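Please look over the sequence and the structure shown here before reading on. The report is meant for a reader who is meeting them for the first time.

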Amino acid sequence: MDRLYFDVAHLFAGGLVLMSFVLLYQDRLSGLINVFTTHAVVLSLSVGWQAYAQHASHLYVTAAIAVIFKALIIPLSLRNMIERMGIHREVEVVGSIGVTMLFGIALVALSLAVVLPATAAADPLAREDIAFALSVVLLGLLMMVTRRNAVSQIIGFMSLENGLILAATGAKGMPLVVEISVAFSVLIAFIVIGIFLFRIRERFDTVDVQELDRVRGQSR
Amino acid sequence: MAVILDLAAQGAQMGIVLMLSPFLVGFTRKVKARLLRRRGPPVLQPYRDLLRLLRKETVLAENASWLFRSAPYLIFATTWVAASLVPTYATGLMFSWCGDLITITALLGAARFFLALAGMDVGTSFGGIGSSRETMFASLAEPAMVMIVFSVALIAGSTQLSEIAASSLAHYQLRVSFGLALIGLAIVAIAENGRIPVDNPATHLELTMVHEAMVLEYSGRHLAMIELAAALKLLLYLSMIACIFVPWGITPAGADPRAFVYGALAYLAKLTVGGFILALFEISTAKMRVFRVPDFLGAALMLGLLGTLLLFVSRSL
Amino acid sequence: MPLTIALWSVAALLGVGGLAVAFDRRKDASWIVYGLCFGLCLVLFLTAVIPRGATALATVLPLGLPWVGAHFQLDVLSAFFLAIVNLGGAAASFYALGYGAHEKHPSRVLPFFPAFLAGMNLVVMAGDAFGFLVAWEFMSLSSWALVLAHHEDAENRQAAFIYLIMASFGTLALLMAYGLLAGSAGDYSFAAIRAAERAPWKSGLVLALALLGAGSKAGLAPLHIWLPLAHPAAPSHVSALMSGVMTKVAVYGFVRIVFDLLGAPAFWWGIAPMTLGAFTAVLGILFATIQSDLKKLLAYSTIENIGVIFIALGLALAFKANGMALPAALAFTAALFHAFNHSLFKSVLFFGAGAVQTATGERDIERLGGLIHVMPRTAFVLLGASVAISALPPFNGFVSEWLIFQAILLSPSLPQWSLKLIVPAVGAMLALSAALTAGCFVRAYGTAFLGRARSKAAAAARETDPWSLAAMAALLTLCLLVGVLPSFLIDTISPAARLFVGGRMPAQEEIPWLSIVPIAESRSSYNGLLVCLFIAMSAFLAARIMHALGSRTMRRGPAWDCGYPDSSPATQYTASSFAQPVRRALGNIVFVARDHLDMPAPGDTRPARLGVEVRDRVFEGLYAPISRAVDFCADQLNKVHFLTIQGYLSLVFAALVLLLLLVAIWQ
């Protein structure tokens with residue numbers, strides 16, 4: 001049972017890393033939102049498995065929050081938003097997809113190289129989940145850095161937060177209070193960003209951040 | 001007596017892959033048609049097509065060389081040997097140790113080498129298009145395959161497919177690298193067999209041709225050999241995925257010969273399920289632009305690399 | 001005894017060089033010289049392969065520096081590389097019996113060819129640092145003279161100039177390496193160097209210098225810049241020797257210094273050869289894929305194969321440093337196996353390129369085509385060599401790639417983190433370069449030999465002479481034999497592995513059915529003979545059954561071409577079109593390729609032009625700034641030429657004052 005527990009936990013964590021890579025690979029906004037939904041579903045499955053195996057029922061609530069907020073409400077409203085803004089064009093990526101993926105692999109290698117030796121004293125199998133969670137965080141950051149569209153940057157930020165939740169649940173428990181506060185802060189951040197996006201779009205007719213740079217007076 | 005039985009089992013495997021490969025092609029086509037609410041051609045149509053091609057006269061271009069005429073046999077021979085090395089209904093057959101996964105990849109590479117050369121032989125632009133695109137796909141699909149072989153071999157402890165299947169059967173590993181290898185192998189299989197989304201096996205339009213462009217000038221028995229080789233390749237990849245990732249039902253080495261029957265039935269079942277899944281996948285997605293395929297195959301290479309990296313770093317990943 | 005015979009044969013080779021100068025005017029000079037070279041190389045090859053037992057042979061001759069003498073040795077490693085050198089030399093001499101008849105200036109080639117062979121043999125047999133360096137320089141200078149054989153061409157002059165600079169740089173690096181190795185005691189013999197103790201930082205420095213020196217001669221990036229210029233400039237049999245054999249002599253130099261003379265390695269020693277080798281392999285093959293000059297393409301392919309050899313050597317170092325003797329032996333054996341293989345098939349390819357150039361006068365594959373009809377035997381042999389170099393079974397290229405992959409599969413047991421992260425990346429790059437090689441040679445062979453002739457020269461070509469064909473066919477047969485029966489070669493290399501990495505692969509002769517087994521039966525095995533037999537039987541069976549069951553009729557007609565037959569050969573795919581997808585997908589890693597489209601305005605009747613401009617990142621990043629810096633310094637120093645008398649006097653005065661000051665301070 002112990003072996004099976006860790007194998008399945010690894011599978012879900014690895015699946016989350018894989019979904020982060022698929023997020024990096026997407027270049028259409030609707031595809032991006034679909035993959036983000038899958039990302040959130042895999043996260044909730046992982047948290048659900050941790051809840052079952054650790055016999056910690058408050059984690060079921062965390063899983064439910066992940067599903068309801070991140071897999072249902074947020075993608076639906078994002079879809080709504082992009083339809084209202086009329087953005088149905090390709091996402092532009094800084095650098096080619098191949099180079100971005102190579103960077104992603106290097107980041108995974110980096111997080112493995114940092115976490116595994118540093119936590120040598122800890123539980124030998126749990127620390128691999130933490131390494132995966134760090135990779136998801138780094139990949140989310142990479143996504144935010146390589147994207148020009150503000151919506152995709154939001155999604156990158158969300159996937160980063162998914163990685164944090166994975167780390168927290170993998171390390172055998174996190175109080176529910178913290179989770180609720182994290183979820184609410186995410187929600188507030190999302191609302192604020194949404195409002196700003198609308199204002200930006202109203203003023204400049206675009207949400208492309210490089211265009212905003214031009215207006216600021218810095219030419220490239 | 002035991003030697004004769006072993007030889008018969010090995011020979012039976014070579015015969016089975018040969019006999020079943022047109023059936024697989026026909027079955028996939030039929031399922032695709034049914035899912036699209038068409039009647040579709042009969043399941044045994046590929047056999048009839050092969051016999052028809054055999055009986056036709058061969059027309060060669062005026063400047064076709066001896067390479068053009070002998071390439072179909074070489075392509076067929078290398079693909080058949082590679083397909084015979086993959087365990088289908090039993091592991092540990094008599095000659096299964098003389099080639100491992102790397103050898104199988106290289107044999108398929110040799111088949112592709114001769115096919116690309118044959119495409120360039122007559123000196124038309126279509127042949128060149130096919131060969132050039134096939135070379136580009138191969139330059140990414142082969143490294144992806146090698147990285148996937150690494151992942152699987154590091155998990156199983158050997159590159160021999162019989163050993164890998166036996167180790168999968170003995171203790172099935174639910175590991176991240178295993179999952180990554182499965183996805184990568186599926187992508188490579190689609191690209192190597194020229195299925196949607198990489199190439200459309202059903203059309204003869206220049207925009208969608210890769211494999212068809214290379215064999216444009218072939219006719220009669222030469223074309224029959226090449227079509228049979230393509231069917232064998234599809235069977236090979238499905239058998240490979242089945243014996244590594246879905247090994248249950250394979251007769252282990254040294255078992256009672258009567259157990260071979262169960263192994264054969266299990267294999268037939270796996271083939272039909274595999275064909276069904278392939279057909280389902282093909283109708284759910286559209287063909288991608290030729291210059292998007294390197295990104296697609298690059299993803300498979302990255303998955304293989306990630307899987308190998310995880311296995312280097314930790315014993316349990 | 002064998003060492004004595006070998007040394008006398010080398011002396012005879014030098015004598016043949018002198019003979020070539022004396023026989024300059026004779027009509028059959030090239031026959032005599034190449035025939036003698038062939039005989040002497042055969043003798044040397046036999047002295048190398050005849051079993052002598054495990055002990056190394058050594059002599060000291062009273063030549064050279066009086067207090068050093070000239071040490072010569074023949075141990076297992078030297079014997080192996082001696083065999084490689086002389087097999088290539090014998091084949092090249094035999095080939096040149098036919099090819100040399102077309103040489104316009106035989107007096108520029110004949111004296112230096114035996115000298116080149118002698119130099120390479122002396123490097124491999126050298127027993128002390130001084131002899132090694134003298135022989136190394138001799139080898140470089142004689143090959144430089146051969147590169148300049150057709151000096152009327154400005155490109156060849158440029159190539160020879162760059163070759164001279166890089167060769168001098170390499171020798172300087174090796175000189176410093178040997179200086180560090182010999183230490184302040186100054187005993188240059190290999191035996192003394194082996195016994196000496198060294199600080200770790202010194203050993204690391206020697207490794208770096210050996211990598212620079214031997215690597216630049218072998219063609220390791222970023223010091224490879226001279227190879228694609230110099231190798232095509234020389235006559236074809238010399239190119240074959242330079243690519244197939246001289247690069248292996250450079251590999252020998254690296255192995256001798258790092259595996260033998262330096263003693264026990266540290267774990268990080270393996271990282272530099274591995275990463276440089278991986279980078280070299282990918283760079284070499286990507287450049288080869290866009291070349292249309294046949295010999296330049298082959299030179300870049302040599303660079304790729306050298307990268308592969310250095311990957312295996314780096315792996316062997318890493319294993320040896322961690323005390324893993326069996327995997328180290330596997331990696332070391334794979335490296336030497338690949339060196340042998342490459343010398344075989346690269347020689348055949350260069351011979352073929354020479355044959356094509358002689359028959360058509362063209363080196364550019366874009367102006368060839370359809371040669372399979374007019375030169376069928378050459379085409380057959382070159383097809384075999386292309387299959388061999390693309391690492392496809394049942395030829396020999398596949399066996400060495402297989403062994404290296406098996407070595408990589410043993411690497412997860414390496415404990416160091418840097419190695420754990422680097423080896424998978426190196427494996428991926430190795431796989432990438434292997435796949436690209438097949439595509440590159442499909443392109444080269446398909447454009448040059450298949451299709452229709454793109455120029456009159458290609459249509460009017462004639463078959464090669466029988467001597468050249470015999471040399472090529474002999475080497476190709478050897479390729480097939482080594483591919484089908486690899487266990488013999490592995491067992492030959494195993495003693496060298498035991499000597500230098502402390503372990504050896506299991507004895508392959510004991511394995512049934514002539515398979516090869518790298519570690520243990522249960523892990524993996526490969527049987528080249530059975531695979532070859534199965535392929536041959538299946539092809540034969542298929543042909544028989546098809547002919548029995550199917551229709552026998554066959555007719556010829558115009559090409560189908562989707563119903564749009566085009567009579568002009570210019571409409572078939574060109575080599576640059578073939579390479580375009582790979583160039584677009586992967587090219588940006590190592591070079592910058594820009595398509596320039598020049599469209600005339602409507603109404604203008606001039607044709608549109610589509611051009612591809614390729615810029616080498618390594619050259620622009622590394623060499624261009626260095627040459628600019630050198631130019632700048634030279635310009636500044638140039639001012640010294642034009643001073644007044646007062647200026648010169650003050651210069652002398654200042655130097656004198658400075659020296660006196662130094663004496664004062666030092667006291």
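The sections below cover a chain interface, a helix, a tryptophan and several salt bridges.

## Where chains A and B meet

This is a predicted model, and in it 23 residues of chain A are in contact with 19 residues of chain B. Together the two chains bury about 1,800 Å² between them, and 77% of that area lies on carbon and sulfur atoms. Between chain A and chain B there are zero salt bridges, while two residue pairs are in polar contact, both at pLDDT 80 or more.

On the side of chain A that touches chain B, the elements giving two or more residues are helix H1 (2-25), helix H4 (97-118) and helix H5 (126-146) of chain A. The largest share, 10 residues, comes from H1(A). By type, the residues on this side of chain A divide into 16 nonpolar, three polar and four charged.

## A covered helix in chain A

Helix H6 of chain A runs over residues 150-170, and its 21 residues reach 31 Å from the first C-alpha to the last, which is close to the 30 Å expected at 1.5 Å a residue. H6(A) is mostly covered, with 17 of its 21 residues buried.

## A tryptophan in a loop of chain C

Trp513(C) is found in the loop between helix H21 (486-501) and helix H22 (528-549) of chain C. Because its relative accessibility is 48%, Trp513(C) counts as partly exposed. Leaving aside neighbours within four places in sequence, Trp513(C) is in contact with Phe95(B) and Trp97(B) of chain B, and with Asn527(C) and Leu530(C) of chain C. Trp513(C) and Gly528(C), 15 residues apart in sequence, have C-alpha atoms 9.8 Å apart in space.

## Salt bridges

Over all chains, the structure holds 19 salt bridges. One of them joins Glu282(B) to Lys32(B), with the closest N and O atoms 3.3 Å apart. This pair links distant parts of the chain, since Glu282(B) lies in helix H10 (residues 259-284) and Lys32(B) in helix H1 (residues 2-35) of chain B, 250 residues apart. Both Glu282(B) and Lys32(B) are buried.

Arg112(B) forms a salt bridge with Glu142(B), the closest N and O atoms being 2.9 Å apart. Arg112(B) is in helix H4 (residues 101-121) and Glu142(B) in helix H5 (residues 125-156) of chain B. Arg112(B) is buried because its relative accessible area is 8%, and Glu142(B), at 14%, also counts as buried. Arg112(B) and Glu142(B) are linked with Glu192(B) and Lys233(B) in a network of salt bridges.

Definitions and conventions:
Residues numbered from 1 in each chain as written. Chains lettered and ligands numbered in written order. Predicted model: local features only at pLDDT ≥ 70, side-chain atom pairs only at ≥ 80, totals over all residues. Heavy atoms only, no water. Contact = heavy atoms within 4.5 Å. Buried area = accessible area lost by both parts, 1.4 Å probe. Salt bridge = Lys/Arg side-chain N within 4 Å of Asp/Glu carboxyl O. Polar contact = N/O pair within 3.5 Å; in protein donor to acceptor, adjacent residues only side chain to side chain. Helix = DSSP H or I, 4+ residues; strand = E, 2+ residues; numbered from the N terminus. Nonpolar A, V, L, I, M, F, W, Y, C, P; charged D, E, K, R; others polar. Expected span 1.5 Å × (residues − 1). Buried < 20%, exposed > 50% of the residue type's maximum accessible area, 1.4 Å probe, protein only.
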